[in-house]
Amino acid sequence: MAYTRENCQRIVKVGYRDVAFPSTQLQSMEDCNDYLHDMSALRKDMNDKGYLLIRGLHDRDDVLTARQAVLNYIHSLGDKLDKNHSVDEGVLREGCGLGCLPVMEGHTEISHTMPVLNVIAGERPFKFFSQYFDEDVTTFDYKWLRAMHQSGFTGAHVDNVYMCRGSKDLLTMWTPIGDITVEMGVLAVCEGSNNLPSFQRFQSTYGEMDAELVGLKGTGWFTEDPFEITEKFGGQWKTTDFKAGDVLIFNMRTVHMSTTNTTQFARISCDTRWQPSSQPADPRFSGNVETSKAKFGLLSKMDCSDNIQTFTTIEKLKEEWGL
Ligand SMILES: O=C(O)CCC(=O)C(=O)O
Ligand SMILES: [Fe+2]
């Protein structure tokens, strides 16, 4: 076999773990492009595996245009990018770590600009989700647009803990804004975590939690260690390199995290949420979305203000749940 990028094993970082990829611990994710028009097959995949990887759902050039707009915005804020490189390379200056890059999520100056919306709320995802749900669909106003700094990653979680106050059929679409390798920080999913019997206790405790309601302090992540998930509950971690245009779609019970950005590049991505219009939507993410005070995920690590009353921690809860 020829020694190519495709078959050579790389050492990548997931959380703080060094992991060989592809390997039994972290396998390559399969796309569903061969049966993209067979909605019942796609729904079955979503139910069995917990995700759909679609190559080229968005127009590649539109995504690259959005990337340019986001990089120009970051550059306009000064002292974020390496001056020895052109802006469109997206190289971060030395030491641009946690808190260096702007918060772009919510309804922000950049999240709702035409080049960005043209991709993340464009005709193509609307068409896909209306076919998938077989009815009219709606997407939250709140857009989780982000640029991941050097050494940054998202820990293992299910999205239900953040957005469980509306439709149970809610889906997340993760859109990389550019070509993103595993080394730059992509999403990894634990295949089967959404419905394997071995995840039942996890799903009926952590998976049911409304992080804001219980006053959870911190990120809302179950763990930063991917193998705590597989060792305790099973499932199979999978990931892949993404090209501009690709998307990963998963449901509220799919355990996912990101690989760690070990490069000098800003990793730009956006998650958007999709559901049938006929169902109620979580009120925190539609309408006046800037008012949500609860900060979870990486934002919780940056927020020094103590104005949000917190009552518990994930460590305490795990002890209570016996997990
Ligand atoms: O982009 C990330 O690092 C995390 C994204 C995520 O958790 C999601 O799309 O639900
Ligand atoms: Fe998530």
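I began with Asp79, which is exposed, having 9 other C-beta atoms within 10 Å. The cut-off for exposed is 12 or fewer such atoms, so Asp79 qualifies. I note here that the model is predicted.

I then looked up the backbone of Asp79 and found a positive phi of about 55°, although Asp79 is not a glycine. I had marked this residue because most residues other than glycine have a negative phi. Asp79 sits in the loop between helix H2 (60–76) and helix H3 (114–120).

Next I turned to Asp134. Its phi is positive too, near 55°, and Asp134 is a residue other than glycine. I located Asp134 in the loop between helix H4 (123–133) and strand S5 (137–139). I counted 10 other C-beta atoms within 10 Å of Asp134, so this residue is exposed.

After that I checked the peptide bonds. Most of them are trans. I recorded a cis bond joining Phe21 and Pro22, with omega about -5°. Pro22 is placed in the loop between strand S2 (17–21) and strand S3 (27–28).

Last, I looked at ligand 1. Which residues are around ligand 1? I listed Met148, Thr154, Asp159, Thr172, Trp174, Leu187, His256, Ser258, Ser269 and Asp271. Sorted by class, this shell has 3 nonpolar, 5 polar and 2 charged residues. I also asked which strands each supply at least two residues of the shell. They are strand S7 (171–176), strand S11 (256–258) and strand S12 (267–276).

Note on methods: Residues are numbered from 1 along each chain as its sequence is written. Chains are lettered from A and ligands numbered from 1 in the order in which they are written. This is a predicted model: local features need pLDDT of at least 70, side-chain atom pairs count only at pLDDT 80 or more; totals for chains, interfaces and linings use all residues. A residue is near a molecule or strand if its C-beta atom, placed from the backbone, lies within 6 Å of it. Helices (H or I, at least four residues) and strands (E, at least two) are DSSP runs, numbered from the N terminus. Ala, Val, Leu, Ile, Met, Phe, Trp, Tyr, Cys and Pro count as nonpolar, Asp, Glu, Lys and Arg as charged, and the others, Gly among them, as polar. A residue is buried if 20 or more other C-beta atoms lie within 10 Å of its own, exposed if 12 or fewer, and partly exposed in between; C-beta atoms are placed from the backbone.
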